[in-house]
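Please open the structure in your viewer and keep the selection tool at hand. The stops below say what to select next and what is there.

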Amino acid sequence: MQLQNMAQPTDADRKFMKIAFEEAKKGYDEGGIPIGAVLVSPTGEILGQGHNLRIQNSSPVLHAEISALQTAGRLPASKYQNTTMYTTLSPCSMCTGAILLYKISRVVIGENKTFVGSEDWLGVKGVEVVVMDDEECRELMGRFVKENPGEWGEDIGEEGK
């Protein structure tokens with residue numbers, strides 16, 4: 001079941017997705033998987049941002065969304081309420097779990113053509129999901145997947161992609 005996206009991206013969404021995309025480019029330039037994320041408060045304050053660091057840090061869990069949460073640091077549960085997670089790629093089950101755990105209420109996704117994560121699960125749990133279908137995000141991920149099929153498969157828990 002594919003989630004039907006009803007909400008349209010706002011100017012603020014485009015602004016913060018550009019920051020997430022810059023994070024993704026940093027990851028690519030470092031030889032890592034080009035996925036970036038930014039956690040933003042309801043007032044527009046960036047609480048945390050990061051990019052996928054699995055390859056760079058030899059980590060099984062440092063996806064972009066987890067990296068953004070980590071840079072946000074330890075926050076009281078109330079600080080996550082009504083926040084938005086911007087991510088250049090549809091979040092996997094692990095990252096979706098973190099989004100749900102911290103009750104992040106909105107997720108804006110750069111693209112979901114390369115990989116469709118757990119968008120349906122987010123929607124069922126009441127999280128607003130916006131898919132921007134951003135061409136830059138798609139092109140960068142497509143280039144990485146073509147150049148590094150093994151690393152990409154590893155990142156999404158599959159062999160021999």
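Begin by selecting residues 11–129, where UniProt, in an unreviewed entry, places the feature "domain: CMP/dCMP-type deaminase". In this predicted model, the chain over residues 11–129 is 43% helix and 21% strand, and the end C-alpha atoms of that stretch lie 16 Å apart.

Next, select helix 3, residues 64–72, which is mostly covered, with seven of its nine residues buried. Those buried residues are Ala 64, Glu 65, Ile 66, Ser 67, Ala 68, Leu 69 and Ala 72.

Now turn to the largest nonpolar core, which has 45 residues, and select Leu 39, Met 85, Tyr 86 and Trp 152, the members that touch the most other members. Among the elements that give two or more residues to this core are strand 4 (106–111), strand 5 (128–131) and helix 7 (135–147), while helix 1 gives the most, with six residues.

The crossing of helix 1 past helix 7 is left-handed. For the residues that meet there, select Met 17, Phe 21, Ala 24, Lys 25 and Tyr 28 in helix 1, and Glu 136, Cys 137, Leu 140, Arg 143, Phe 144 and Glu 147 in helix 7.

Conventions: Residues are numbered from 1 along each chain as its sequence is written. This is a predicted model: local features need pLDDT of at least 70, side-chain atom pairs count only at pLDDT 80 or more; totals for chains, interfaces and linings use all residues. Side-chain values use heavy atoms; hydrogens and water are left out. Buried means under 20% relative accessible area, exposed over 50%, partly exposed in between (1.4 Å probe, protein chains only). Helices (H or I, at least four residues) and strands (E, at least two) are DSSP runs, numbered from the N terminus. UniProt positions are given in the numbering used here, feature names are shortened, and annotations may be inferred rather than shown by experiment. A nonpolar core is a set of buried Ala, Val, Leu, Ile, Met, Phe, Trp, Tyr and Cys residues joined through side-chain atoms within 4.5 Å. A crossing is left-handed if the near helix is turned anticlockwise from the far one by less than a right angle, and right-handed if clockwise. Contact means heavy atoms within 4.5 Å.
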